[in-house]
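Trainee: Hi, could you walk me through this one? I'm new to it.
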Amino acid sequence: ATCKNSAQFSTVLACVVLVLVFTVGWHVYRSVLSIVGDLEREQQSTVLFGCQIANAATMIPPLLVTRLVFWLDGKQRSSAAPMLLAWAAMIPASCSSHIYAATHGHYWDFLVKLDQFFIASSCSLAGWALSQSRSLIYILASCACILGILMFFGPENLQHDVKWRSTMLAGMTLMYLSPMIWARRDHDPNVSKVAVVFIFGVLLGIDSRHSPLGVISHPLFHLLFIPYAFYVAKSAIFFETELEQLREDGILDASDGTSSTCSATEDSCSLQETFETSLDRSMLGTEKLVEAP
């Protein structure tokens, strides 16, 4: 009987010990998971902070690259000021938005809208540098005003929807880049390079939650501004070089930039001039680039 009671006691004791070991082990496991989770969240927070600081910092190099391109050109270019101003205008709002996101862990909707409004406004300056076309500037400026009104004072769904604003900004970007094709007498060698950078920019500029690269996709998107700024500035110089050549050849009047050999109403004018003149008689990016018949 004593042996039997001792065996039963040992069995019960073993069960109690197993229960205690399991309970302690479970709590230790949960504690380890909690610590690991905290470390992962802290690491993730550090990565997000670093990415947002990088987003802010990478807004400066495009301005410096643009200045360097015009400085290396060695000539006084009328497109330099608007191109530099276009990049400079985007810096305050963009940097403020990304620094706020870095310090608070989320974006402030007002700063995001302000950032996008200055981007839209800068399109007009870049468009002028690439074409000197008043009509194009009027169109881009109107789009910027519409964008600003709708995202600040429009319907509630438009005020908080980022997708339509991003799509409109992409369209405005293509619009101000379009003179690289239609406002050039000869092929602009910078077109293909800007196109490649633009395509990669669209791929990296998507929401980081849907990007395979995660949060680092946006800093990489900002880094693309450097080659983008370089080739856009080169295109503006290419455009002015063509205008100078046309003036030297006597095709353009050096005083007002108008064609000295062809009127916009004459049948001998090229299809390019007809298209451009239909936009605006004062357009420098198109009516001026007409070869003598």
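Mentor: Let's go from the overall picture to a helix pair and then the cysteines.

Mentor: This is a predicted model, in which local features need pLDDT of at least 70, side-chain atom pairs count only at pLDDT 80 or more, and totals for chains, interfaces and linings use all residues. Residues are numbered from 1 along each chain as its sequence is written, and side-chain values use heavy atoms, with hydrogens and water left out.

Trainee: How many helices and strands does the protein chain have?

Mentor: There are 12 helices and zero strands. Helices (H or I, at least four residues) and strands (E, at least two) are DSSP runs, numbered from the N terminus.

Trainee: And what share of the protein chain is buried?

Mentor: Of its 293 residues, 39% are buried. Buried means under 20% relative accessible area, exposed over 50%, and partly exposed in between, using a 1.4 Å probe and protein chains only.

Trainee: Which way do α4 and α7 run relative to each other?

Mentor: They are roughly parallel, a label for angles under 35 degrees. The axes of α4 (residues 109–131) and α7 (residues 162–177) cross at roughly 15° and come within 9 Å. Axes here are lines fitted to C-alpha atoms, for helices over the stretch in contact, with angles from 0 to 180 degrees between N-to-C directions.

Trainee: Which residues of α4 and α7 meet?

Mentor: On the α4 side they include V112, I119 and C123, and on the α7 side they include L169, M172 and Y176. Contact means heavy atoms within 4.5 Å.

Trainee: Are C123 and C145 buried or partly exposed?

Mentor: C123 counts as buried because its relative accessibility is 3%, while C145, at 46%, counts as partly exposed.

Trainee: Last one: what comes after α11?

Mentor: G250 follows α11, and its phi is positive, near 80°.

Technical notes. Parallel < 35°, antiparallel > 145°, perpendicular 65-115°, else oblique.
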